[in-house]
Amino acid sequence: MNIYSQEKKSILFFGDSISAGYGIQPQQAFPAVIQDKIDSLGLNYEVINGGLSGETSAGGLRRINWVLQRDIDIMILELGGNDGLRGIDLSSTKDNLQQIIDRAKAKNPEIEIIIAGMQVPPNLGTDYTKEFQDLYPELAEKNNLTLIPLILDKVGGRDEFMQPDQIHPNVQGHKVVAETVWDYLYKIL
């Protein structure tokens, strides 16, 4: 059997406006950039962009079962940023993300999950900011997940990579985010 007749494996980007590509065309968002890279390397994977602008961890938890109706081999979990921007109780955020992880593993015990860390502005206080920052490494360690420490690491605060709102990457920024994610994803592929 040749590899082209095999069904493609799937990579789900389950996230918020960062994954969805807020403010740019969907084909310019980092999940689409990663699909282009996968295609150029002849890898048998299909990227599914499950990003939804404005999504919170609670919203993600509400829709994860629907998304998991199809088989998912790899999930990049990029949620929680909107929780932080809204000052939501972080024990709730952590619980929601844990439940999303649990449901994904229940549906496919072999699923590989990468969790993408984020930061929030310090306006909610140093305790909240630190607790938010620690949430992602704690979940990664507890669940033995691959951690991207900071998905916007190389773009945040840099005007040339960010839209005027300083929250969402622009087209160039999405290319940089794709490189950051690829550094972790390719090891799994």
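1. Helices (H or I, at least four residues) and strands (E, at least two) are taken as DSSP runs and numbered from the N terminus; on that basis, histidine 168 is found in the loop between strand 5 and helix 7. The model is predicted, so that local features need pLDDT of at least 70 and side-chain atom pairs count only at pLDDT 80 or more, whereas totals for chains, interfaces and linings use all residues. Residues are numbered from 1 along each chain as its sequence is written, and side-chain values use heavy atoms, with hydrogens and water left out.

2. Histidine 168 is buried, at a relative accessible area of 10%, where buried means under 20%, exposed over 50% and partly exposed in between (1.4 Å probe, protein chains only). Its side chain makes a polar contact of 2.7 Å with that of serine 17; such a contact is a pair of N or O atoms within 3.5 Å, and within protein one must be able to donate a hydrogen and the other to accept it, while residues adjacent in sequence count only if both atoms are side-chain atoms.

3. The buried residues of helix 7 include His174, Val181 and Trp182. Isoleucine 34 is in contact (heavy atoms within 4.5 Å) with residues among them Ala178, Val181, Trp182 and Leu185.

Notes. Lists of a residue's contacts leave out its neighbours within four places in sequence.
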